[in-house]
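Here's a quick briefing for anyone meeting this structure for the first time. Have a look at it, then read on for the main points.

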Amino acid sequence: MATKPIRIAELPVISYAFCLLLTVRIGLSLGSFKTMYGWMLRPAVGRDRQTATVDLQRALYLFNLAAHFVPRTTCLVKATAGRRFFARLGFRCRLCIGTRRDEKNRFEAHAWLEREGKAFIGDEVSSGFSLLYSPDDHT
């Protein structure tokens, strides 16, 4: 199914996603997850401004599109930035970090976002991971 081209009204949404992803990517490279996540939970400047109205599927598409332009965007970067991005658009979600053993018994970790109990960022590989930690359960 072909996706509609980006509308002018969506430019602030995709720009915001790109800026968040880049900020988190740099922040996690230079500092700790705890510091970065704490910063992401702070109230946004200009919070009362109305952002372009998009539904969840369109917001997800725009977010993933922006992620393609940020080098070395990991699941943790996407989940951390996505937590703030989707909250700003009015979609509550929960950041999850989980672990599992692969077929060769190697340790793996993964981060994803859940909405209404279902993974929607990082969902392509979140199955089989046991939830280890969710900072949203402790805020």
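## The chain at a glance

Take the contacts in the protein chain between residues at least 6 apart in sequence: 68% of them join residues at least 24 apart. Keep in mind that this is a predicted model. The protein chain has four helices and four strands, and reading from the N terminus the order goes α-α-α-α-β-β-β-β. As for burial, 42% of the chain's 139 residues count as buried.

**Helix 1 against helix 4**

- Helix 1 covers residues 11-30 and helix 4 covers residues 75-88; the two pack at an angle of about 140 degrees, and their axes are 9 Å apart.
- That angle makes helix 1 oblique to helix 4, because the roughly antiparallel label is kept for angles over 145 degrees.
- The way helix 1 and helix 4 cross is right-handed.
- On the helix 1 side, the contact is made by V13, Y16, A17, L20, L21, V24, R25 and L28.
- Helix 4 brings L76, V77, K78, T80, A81, R84, F85 and R88 to that contact.
- Sorted by type, the residues where helix 1 meets helix 4 come out as eleven nonpolar, one polar and four charged.

**V70, a loop residue**

- You'll find V70 in the loop between helix 3 and helix 4.
- Is V70 buried or exposed? V70 has a relative accessible area of 3%, so it counts as buried, the cut-off for that being under 20%.
- Setting aside neighbours within four places in sequence, V70 touches F18, L21, L22 and R25.
- V70 and R25 sit 45 residues apart along the chain, yet their C-alpha atoms are separated by 8.0 Å.

- Side chains of opposite charge can pair when their charged atoms come close.
- How many salt bridges are there? The count comes to six.
- One of them joins the side chains of E10 and R58, at 2.8 Å from N to O.
- This pair ties together distant parts of the chain, with E10 in the segment before helix 1 and R58 in helix 3 (residues 56-67), 48 residues apart.
- E10 and R58 are both buried.
- R7 joins in too: R7, E10 and R58 are linked in a network of salt bridges.

- Which residue does R115 form a salt bridge with? The partner is E116, and the closest N and O atoms are 3.9 Å apart.
- R115 has a relative accessible area of 21%, so it counts as partly exposed, whereas E116 is exposed, with 72% relative accessibility.

Methods:
Residues numbered from 1 in each chain as written. Predicted model: local features only at pLDDT ≥ 70, side-chain atom pairs only at ≥ 80, totals over all residues. Heavy atoms only, no water. Axes fitted to C-alpha atoms, helices over the stretch in contact; angles between N-to-C directions. Parallel < 35°, antiparallel > 145°, perpendicular 65-115°, else oblique. Left-handed = near helix turned anticlockwise from the far one by under 90°. Contact = heavy atoms within 4.5 Å. Nonpolar A, V, L, I, M, F, W, Y, C, P; charged D, E, K, R; others polar. Salt bridge = Lys/Arg side-chain N within 4 Å of Asp/Glu carboxyl O. Buried < 20%, exposed > 50% of the residue type's maximum accessible area, 1.4 Å probe, protein only.
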